[in-house]
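The exercises below are meant to be worked with the sequence and the coordinates open side by side. Each task is followed by a solution that goes step by step.

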Amino acid sequence: MFPVSSPPIPNGAILVQEGRIAVIGTLEDARTKAPEAEIQHYEGCAITPGAINTHAHLGFRRDDAPEGGTFAGWLGRLIERLPEKESWTPEAAKNSANEAIAAGTTFMAESSPYGECLPQLAESGMAGAVFAEFFPGDFPDTQPEERVEEILKQVHGMREGLPKRVSAQVSVHSVYTVDPDSSRVAALKTRELGDPLAIHLSESPEEVEFVREGTGGLANIFGSNTWGGAGVSPVRYAENVELLAPTTIAAHLATGVSDEDIDILTRTGVAAAHCPRSNDSLGCEVSPVPEMMRRDVRVGMGTDGLWSSPSMNLFEETLFAVKLHGFDGELGLRLATLEGARALNVERETGSLEVGKWADLAIVQVESGDQTALDVVESAASGGVAATVVSGNLIYNRE
Ligand SMILES: [Zn+2]
């Protein structure tokens, strides 16, 4: 068993009571505390905290992604297909969620236009949040305050009747799709309410060019978005419009993140969602994650969606990052779990195996005898998850 926040326990057991972890230790420890408890034994398996996906999109279908290579080319083709996409989004979202839970995911931060994938996240059994992206172009002839008020109203309405650990929140999609005033108002309003905020930031070379010069592939796609050409980096721009705070989760931070930008990330306390496979497939360079972590930026892992990434398997995403940055298995397992929880400010509730936290677990079949953390990540990355448990409920069981 890999509690992550404490050393591994050979032949470990967990006692779950009312959805939370009551004992971590050996089977004898659990038996002493609750002699009557029903025992579920998984032969040859390791127990780890469930994977925390800090940035995902559920509503994309497997196997028919627009061509990658360049970000603006991909985004242009994605936008062209939005009308046909509407008809199959719910089915795609259900399939993506199933894929995630079969890979040990217990908590997901999902971003979708106006929170359209909330029903599928809620039905999946995972805990998490849907971040509703809004696009100012959909609110013609309104002031930023009015359109933010409207999206907040929608999001608050979506919260009614949700499962206990699922919430709806606001996303400012990106600095190139949302104007500076709407971004600022949304950031300040959500902070005032104590809510988190999700954004995409400093993802592509095209975003860097749009924010600095006001030109390039994104200027061509969003011709009416005229606030580019600010002469600064996307990170500096985002700070200027007050998007960056400890309650903000910024996805990607890949292309164009400079040393000065990392100072800004550290100073503002914003967290990063690292999506290296998406960055790789869309020509978005490598995020300076090791340096960000060295300077105390909280970093979690994110799969992004199936149109820019090969799977919804967060452990597979993490294994890619482990190889990319030369991390060891312990850090990999922590990035997939506790660091993700820290990035989303939910580490008091989940992300490691500790008494009092929710029982959010991945049960991973590991072939090798010595069961290192790297073995666990590798196995979970390649279909080795035997069961997934959220709040003590078995939401996936391979058998
Ligand atoms: Zn994304």
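**Exercise 1. Describe the open sheet of four strands: in what order do its strands lie, and which stand at the edges?**

Solution. Bear in mind throughout that this is a predicted model. Step one is to read off the order, which is β3-β12-β13-β14, with antiparallel pairing in an open sheet of four strands. Step two is to look at the ends of that order: β3 (45–49) and β14 (393–397) each have a single partner strand, so one side of each is left without a neighbour in the sheet, and these two stand at the edges. Step three concerns the twist, which averages 20° from one strand to the next.

**Exercise 2. Classify the packing of α14 against α17 from its angle, and list the residues that make the contact.**

Solution. Helix α14 (residues 314–325) packs with helix α17 (residues 373–381) at an angle of about 130°, and their axes are 7 Å apart. Angles over 145 degrees would count as roughly antiparallel and those from 65 to 115 as roughly perpendicular, and α14 is therefore oblique to α17. The crossing of these two helices is left-handed. On the α14 side the contact is made by Phe315, Glu316, Thr318, Leu319 and Val322, and on the α17 side by Val377, Glu378, Ala380 and Ala381. Sorted by class, the contact of α14 with α17 has six nonpolar, one polar and two charged residues.

**Exercise 3. Carry out the corresponding analysis for α15 and α17: what is their angle, and which residues meet?**

Solution. Helix α15 (residues 329–336) packs with α17 at an angle of about 50°, the axes being 7 Å apart, and the two helices are therefore oblique to each other. The crossing of α15 and α17 is left-handed. Gly329, Glu330, Gly332, Leu333 and Ala336 of α15 meet Ala373, Leu374, Val376 and Val377 of α17 in this contact. By class, the contact of α15 with α17 has six nonpolar, two polar and one charged residues.

Terms used:
Residues numbered from 1 in each chain as written. Predicted model: local features only at pLDDT ≥ 70, side-chain atom pairs only at ≥ 80, totals over all residues. Axes fitted to C-alpha atoms, helices over the stretch in contact; angles between N-to-C directions. Parallel < 35°, antiparallel > 145°, perpendicular 65-115°, else oblique. Left-handed = near helix turned anticlockwise from the far one by under 90°. Contact = placed C-beta atoms within 7 Å. Nonpolar A, V, L, I, M, F, W, Y, C, P; charged D, E, K, R; others polar. Pairing = 2+ DSSP bridges.
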